[in-house]
Amino acid sequence: MSSSSCPFCDQVVPSDELQRHANGHFEDEENDNKQRQLAMDFELAQQMAFSSTSYDNDNDNGDMPQEIKCEGSLSSNKLSCESGTSVMGELNVNEKVSCLIGSQNRGAFYKVEGGLMSLLKNCLELESHDSTSILSGYVDHYQSIEFEDFGWGCGWRNIQMLCSHLLMQRPETRNILFGGSGVVPDIPSLQRWLEVAWERGFDVHGAEHFNYKIYGKKNWIGTTECAALLRSFGLQARIIDFGPKECEELYLSVPGSSSGAQMENLIDANKRKTIKVCGPMDRYLVRTNDSDPQTGSSGHENSVYFKISQNVTKNKSPKKAKGHQVLVDWVWNYFSDGRICTYDHQRVNISEKTPLFFQHDGHSRTIVGIQVKQKCNGMQQYNLLILDPAHNTRGLERALRENIGWQQLIKRGIHTLNKPQYQLCYIDSGIAAGVDVELLKTIDSIFLEI
């Protein structure tokens, strides 16, 4: 058999293998270049994560998503992060985080001049003198977009609204949320962040239901996914369940599924037998009885709102609150820190509390405040103040600026709470570290009977 020398390495190889051997030099060089480029991209993204680079939080056109800008080119980084799951699957979790920091996009929203919450505050102040309102501070409204996420994206939009508040009102969160970018990511980027949270061990059972994959999918999500995502950054996200006693062990059903009908039939029949109805959003919550609280994994017992939850019905009347009034009482106590209804006798008060992720069968919204009115008969009428992702932001702005019709869009009285079960997710103060982060990986909740 004849042999020849390789023109690149002078190695003697059989003549019929010379071409394959020579081509191998080019393949090795190409692979080395790819590895070097990927390493450079990871290094750049890591520098971004810990840099003090400030990002412009304005979205002037209000319609088109904006990519996060930074010094240096991220084109190859973006390609490696978004070219498919096969590439992302080859990276470890820290590499995925570094890659995601550089490739995430800013979530598009219509920016209201002066702020939507400021307009709402002005309208509430113009109402009659027999009312008191409490509002969260800054919140941007993220609406669902037709042909993009309308019909399934409400959960992601509520997360965006909560994060807009956290980034503006809680300076300590800016350095930890989304790699310190200082902006609220779009839905695909949030889906990537949730996958990272799952891979890190947050809400393992929920992650298993989705097979650890949510990116690019149109699955409904709820409070547990919100809690898992925010907890992965060290935020103290907590969940409260509201439902009838006979449904205490009943998991929140999937929007649009038959579970809600099963729950209503159970209530109408006045059955006492526990029926397990599971759905992907909140099926794995570990319920605790409010008279015998479980301590440990959730950290609920360390929260001031844990005590409020145990005594929520004792706030305003010697009689025990019934029905959905329990939920309304809890929301009032949350925003007011348990103060009396007059709340320092101011018409409109700004609370330091985050908005509430408000989940029920079929939809989710964001509670940004609450109002109480003193009626002539001495009774009190409560209205939850809600931003709905299904509403058009420009329409909300116009109604508030003109002070016409905004009540129908934002106010929700207790008579509108007609679902058998609700969930709230709130963000307690403080950033977890070390062993406390490990405790946050298990998602559980407090159950309150309505």
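These are my notebook entries on a predicted model of one protein chain.

**Ground rules**

I count residues from 1 along each chain as its sequence is written, and I leave hydrogens and water out, since side-chain values use heavy atoms. For this predicted model, local features need pLDDT of at least 70, side-chain atom pairs count only at pLDDT 80 or more, and totals for chains, interfaces and linings use all residues.

**Overview**

I looked up the make-up of the chain and found 16 helices and 13 strands. Both are DSSP runs numbered from the N terminus: helices are H or I with at least four residues, strands are E with at least two. Of the 450 residues, 53% count as buried. Buried is under 20% relative accessible area, exposed is over 50%, and partly exposed lies in between, with a 1.4 Å probe and protein chains only. I also checked contacts, meaning heavy atoms within 4.5 Å. Among those between residues at least 6 apart in sequence, 73% join residues at least 24 apart.

**Confidence**

Next came pLDDT, the predictor's confidence in each residue, from 0 to 100. The chain averages 75, and 64% of the residues score at least 70.

I marked two stretches to treat with care. Residues 44-80 stay under 50, though the model has 72 contacts for them beyond four places in sequence. Residues 312-319 also stay under 50, with 19 such contacts. Where pLDDT is low, the predicted coordinates should not be read in detail.

**Strand β5**

I went to β5 (residues 131-135) and found five of its five residues buried, so the strand is largely enclosed by the rest of the structure. In a regular strand the side chains alternate between the two faces of the sheet. Here Ser 131, Ser 133 and Leu 135 point one way, while Thr 132 and Ile 134 point the other.

Which strands does β5 pair with? Pairing takes at least two bridges found by DSSP. I found β5 antiparallel to β9 over five bridges, with Leu 135 opposite Gly 369. With strand β7 (residues 348-350), β5 runs parallel over three bridges, and there Ser 133 has Val 348 as its bridge partner.

I followed β9 (residues 363-374) on to β10 and counted eight bridges in the antiparallel sense. Gln 371 sits opposite Asn 383 of β10. The two strands form a hairpin with five residues between them, and in the turn Gly 378 has a positive phi of about 90 degrees.

β10 itself (residues 380-387) is mostly covered, with six of its eight residues buried. It also runs antiparallel to β11 (residues 411-413), joined by three bridges. Leu 384 stands opposite Arg 412 there.

Arg 412 turned up again when I looked at His 391, which has it as a contact along with His 141, Gln 143, Leu 396 and Leu 409, neighbours within four places aside. His 391 lies in the loop between β10 and α14. Its relative accessible area is 19%, so I log His 391 as buried.

**Helices α4 and α8**

I checked how α4 (residues 93-103) meets α8 (residues 187-199). Their axes come within 10 Å and cross at roughly 165 degrees. That makes α4 roughly antiparallel to α8, a label for angles over 145 degrees. The residues that meet include Val 97 and Leu 100 from α4, and Trp 193 and Val 196 from α8.

**Arg 174 and Leu 177**

Last, I compared two residues by their surroundings. Arg 174 is in helix α7 (residues 171-174), while Leu 177 is in the loop between α7 and α8. Are they buried or exposed? Arg 174 has 30% relative accessibility and so counts as partly exposed. Leu 177 is at 0%, so it counts as buried.

Leaving aside neighbours within four places, Arg 174 is in contact with Leu 167, Gly 180 and Gly 182. On the same terms Leu 177 touches Leu 166, Leu 167, Leu 230, Phe 233 and Leu 235.

Methods:
Axes are lines fitted to C-alpha atoms, for helices over the stretch in contact, and angles run from 0 to 180 degrees between N-to-C directions. Angles under 35 degrees count as roughly parallel, over 145 as roughly antiparallel, 65 to 115 as roughly perpendicular and the rest as oblique.
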